[in-house]
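Subject: Handover of a structure

Hello,

Here is the structure you will be taking over. Please look at it first, then read the notes below.

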Amino acid sequence: MSTADSFTALGRGNGFPFCLNKLDVSGYDLHTAWDLQTASNIYWNLNGIIGFFNFRSVESPSVDIPISNVRFGDQIEYDEDSGSEVSDTSDYSKVPPLQRVCTDGRDGQKNTGGNGFNDFQISCSLQAQAIFKYYDGNTEDESNFVGYGLNVNNPSIPLGFAYGFAVDAFVKFKHTFITTAYKSADYSPYSPSGSIVTIDNVDFVKVTIGTGAGSDITGLDFYTYS
């Protein structure tokens, strides 16, 4: 848990430093929606994701190697044979809450750098224009407003993602990600399974693909203020 300096921001009068786009979620397989306080807390104060991906090392004897917990700004690579850290180019200068007044979108990742071969990763991302207003139907009818959620325009960039990939073996590993609106058709030809879960008092859609090596997202890491 990191500590941030307190500050005051004018924003757009809606709790965020940008105008909120609208999304009709009535056609999604699953969705959940937050109140304004929760959405604001995710945008301003989320520091990272608590989770893990266990993978089998290539070297002999093979051992389980966990990659766990990721913060915005992390850029850490591990050796896929031994699991030892091989590079760290992390940059946290643009991720503290104060920087979010002007900096839109942020990510972090820890991975094995397999270049598509035996590549394992845990990551966290907030897309640009990170928070949307969700509607159950016509977005011009405010009676359809159901709450706030994540920008899901690019479903391949969820808030938290723990996954593994090996050539011709994608579904042999269990992939887990969390979001707030999900369509199974976005992940064809795979067969994802989604459910509504509560993680640290925040509702999400948790999606899993495959049933192999273990992965999970179990918590949220928030900034505290000095």
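Over the ring of which residue does the charged end of arginine 71 sit? The ring belongs to tyrosine 92, and the charged end of arginine 71 is 4.4 Å from its centre. Please keep in mind that this is a predicted model.

Overall picture

The protein chain has 1 helix and 18 strands. It consists of 226 residues, and 45% of them count as buried. Its accessible surface is about 10,700 Å², with 46% belonging to carbon and sulfur atoms. Taking the contacts between residues at least 6 apart in sequence, 64% join residues at least 24 apart.

Aromatic rings

There are 10 aromatic pairs in the structure. In one of them, phenylalanine 18 and tyrosine 43 have ring centres 5.4 Å apart; their planes are at 80 degrees, so the pair is edge-to-face. Phenylalanine 18 is in the loop between β1 (3-4) and β2 (21-24), while tyrosine 43 is in helix α1 (residues 36-45), so the pair ties together parts that are 25 residues apart in sequence. Phenylalanine 18 has a relative accessibility of 6% and counts as buried. Tyrosine 43, at 1% relative accessibility, counts as buried too.

Another pair is formed by phenylalanine 161 and phenylalanine 177, which is edge-to-face, with 5.6 Å from centre to centre and 80 degrees between the planes. Phenylalanine 161 lies in strand β12 (residues 160-165) and phenylalanine 177 in strand β13 (residues 175-179), so this pair links distant parts of the chain, 16 residues apart. Both phenylalanine 161 and phenylalanine 177 are buried.

Ring pairs also join Phe16, Phe18, Tyr43 and Trp44 into a cluster. Tyrosine 43 has a charge over its ring as well: the charged end of arginine 106 sits there, 5.0 Å from the ring centre.

Salt bridges

The count of salt bridges is 4. One of them is between lysine 22 and glutamate 142, where the closest N and O atoms are 3.4 Å apart. Lysine 22 is in strand β2 and glutamate 142 is in the loop between β10 and β11 (145-150); the pair links distant parts of the chain, 120 residues apart. Lysine 22 has a relative accessibility of 34% and counts as partly exposed. Glutamate 142 is also partly exposed, with a relative accessible area of 43%.

Glutamate 142 has a second salt-bridge partner in lysine 133, with the closest N and O atoms 3.8 Å apart. Why does lysine 133 count as buried? Its relative accessibility is 18%, and buried means under 20%. Through shared partners, the salt bridges join Lys22, Lys133 and Glu142 into one network.

Arginine 71 counts as partly exposed at 33% relative accessibility, whereas aspartate 74 counts as buried at 3%.

A buried glutamine

Where is glutamine 127 found? It is in the loop between β9 (119-126) and β10 (131-135). Glutamine 127 is buried, its relative accessible area being 13%. A polar atom of its side chain lies 3.0 Å from the backbone oxygen of asparagine 154. Not counting residues up to four places away in sequence, glutamine 127 touches Asp104, Gly105, Asn151, Val152, Asn153, Asn154 and Ile157.

Aspartate 5 is in the loop between β1 and β2. Is aspartate 5 buried or exposed? At 59% relative accessibility, aspartate 5 counts as exposed. Which residues is aspartate 5 in contact with, leaving aside its neighbours within four places in sequence? They are Tyr225 and Ser226. Aspartate 5 and serine 226 are 221 residues apart in sequence, yet their C-alpha atoms are 5.5 Å apart in space. The side chains of aspartate 5 and serine 226 are joined by a polar contact of 3.5 Å.

That is the handover.

Regards

Technical notes. Residues are numbered from 1 along each chain as its sequence is written. This is a predicted model: local features need pLDDT of at least 70, side-chain atom pairs count only at pLDDT 80 or more; totals for chains, interfaces and linings use all residues. Side-chain values use heavy atoms; hydrogens and water are left out. Rings of Phe, Tyr and Trp (its six-membered ring) pair if their centres lie within 6.5 Å; planes under 30 degrees apart count as stacked, over 60 as edge-to-face and the rest as tilted. Helices (H or I, at least four residues) and strands (E, at least two) are DSSP runs, numbered from the N terminus. Buried means under 20% relative accessible area, exposed over 50%, partly exposed in between (1.4 Å probe, protein chains only). A charge sits over a ring if NZ of Lys or CZ of Arg is within 6 Å of the ring centre and within 35 degrees of the ring normal. Contact means heavy atoms within 4.5 Å. Accessible areas come from the Shrake-Rupley method with a 1.4 Å probe; for residues, only the protein chains shown count as cover. A polar contact is a pair of N or O atoms within 3.5 Å; within protein, one must be able to donate a hydrogen and the other to accept it, and residues adjacent in sequence count only if both atoms are side-chain atoms. A salt bridge is a side-chain nitrogen of Lys or Arg within 4 Å of a carboxyl oxygen of Asp or Glu.
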